[in-house]
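Here are some short notes to read alongside the model. Please keep the structure open while going through the points.

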Amino acid sequence: MTIPASQSPATAPDGDGALPHPAVESPVVSDDIEVERLRAEVAALRSQLAETRPRARPRRHTFRRAVAAVLVVLAAFALVTSVVGLWAARTTLDTDRWVATVAPLPQDPKINAAVAEYATTEVFQVLDVETRLREVLPPQAAFVAGPIAGQLREQVRNTVRNVLGSDRFQVVWVELNQRLHQRILAVLEGQSTLITAQQDRIQIDLLPLINQVLRELSDQLPTLFGKQITLPDLSSGAIPENLRTRVEEQLGVTLPANFAQFTVYDSGQLWAAQQAVATAKRDLALFVGATIVLLILAYVVSPRRRRTTVQLGIWLIIAAVTVTAIVRAVRRQVIAEIPEGTYRDGVDAAVTTVFSTLRERGTQIIWIGAILALVAYLVGPGRFPVWLRRQVRRGAVAGWRGIRRGTDVAVTRGPGFVTTYLDPIRIGGVLVAVVLALILSSWTSLLVIVLLLAAFEVAVTLIARRHDQDRDHPATPPAPSPAT
């Protein structure tokens, strides 16, 4: 049978002669096709993005990381150098801080020995002790002048050391250094009296020390000078301007021009030192400001500031160690110029004392750098920091729970325990107070211990009494309200 042209296969009758419904496209199939199309489009966009952005961003970030790393290195070394400069300015250019720094020097055994040797040599040269002994001894005994002079020299040295270590000379030492430092600054500006700057040389006048030593020797060995001498007592700190003239009159000698003049600077570069001090005063603030600017720029440029903080901490440690090594090398070179023996040991001890504060600053910078780097690393996303933070959090929670449980136990069972063992607790408090009083022997600590002991005894007594009252008269629970 021939199918009419107006009928399509979709509308042809089926085997039963009934016409089926027209063919309709399934909505589920349409959605799947749309999803696949969108997925293909997203994949194409991602591939395009992968071809463009990864080439630009890593280059830019790499450049910023490199610039930030360089700035951090410069900032770390600038910071350490600024600390050294500030220490030098505050210590050497401030009279009060300088005096506080050098005040303990006479108490150091090595410095004491070096100054005692120098002062003893000066005294024996001006008095010519051995010649005087030969004059007063008979010709047959002239050969003992040398041994006797040696014994006298040892006694003079001991006298000098005792004078240096005495509290009375400490006042003179502080006053001498105060005047000394003020005039050192005057030397650097071109004028001075106590310290002279002749032929590029700076000298310290130790005549006040010699004066005090001669006073002591006059009491111990009056025959050493051939007469009774009278010299001013400088223990009050007042140093007369005509001290040299008075010493010459009492000893009956003319002191050499460089008598008791201890040269501390003689390198032919005084003008350079003056200019260096002036430049340091002018440029130190600018250098500190530049350090701050470098730090700010490093963090502004850095794409990862936490990593920059880690780098800063590490480079602070490296910079502090490097600068410390340089300072030590310069110190060794300077000390090597001094002859071995008492003088070198004394100068070494003096330099150690003066630079003690700078060493403390260096140690502080190292600790700050280590803490900074460690904290910045531990707050990062690494496996170990994440694990450590998790463990710390768990430990804190467990600790807090333990504290709460302990507090609950103390609140519920503590009063009963105190009531049961009241007398042993009181005796234990007294024993602890006695031990603390023996260890801390000051009057202030003793007063604090007595007050704490009294508070402890009163507290345990009140706790025990309150517990007894609560046990004898328990609180009656309120009666239930009648049912309505």
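1. In helix α13 of this predicted model, the buried residues are P385, V418 and T419. The helix covers residues 383-420, which makes 38 residues. From its first C-alpha to its last, α13 reaches 53 Å, close to the 56 Å expected at 1.5 Å a residue.

2. Where does α13 bend? The bend is at R413 and amounts to about 50 degrees. A proline, P415, follows within four residues.

3. N112 has its place in helix α3, which runs over residues 109-127. Is N112 buried or exposed? N112 counts as buried because its relative accessibility is 7%, and the cut-off for buried is under 20%.

4. The side chain of N112 makes a polar contact with the side chain of R161, at 3.3 Å. Apart from neighbours within four places in sequence, the residues in contact with N112 are P106, R161, L164 and G165.

5. Next, the nonpolar cores. The largest one has 38 residues, and I210, L214 and V247 have the most contacts inside it. At least two residues of this core come from each of α2 (95-102), α3, α5 (145-165), α6 (167-188), α7 (207-220), α8 (243-251) and α11 (342-354). Which helix gives the most to this core? That is α3, with 7 residues.

6. There is also a second, separate core, made up of 14 residues. Among them are A76, V80, L294 and A298.

Definitions and conventions
Residues numbered from 1 in each chain as written. Predicted model: local features only at pLDDT ≥ 70, side-chain atom pairs only at ≥ 80, totals over all residues. Heavy atoms only, no water. Expected span 1.5 Å × (residues − 1). Bend = angle between axes of the 7 residues up to and from the residue. Buried < 20%, exposed > 50% of the residue type's maximum accessible area, 1.4 Å probe, protein only. Polar contact = N/O pair within 3.5 Å; in protein donor to acceptor, adjacent residues only side chain to side chain. Contact = heavy atoms within 4.5 Å. Core = buried A, V, L, I, M, F, W, Y, C linked by side-chain atoms within 4.5 Å.
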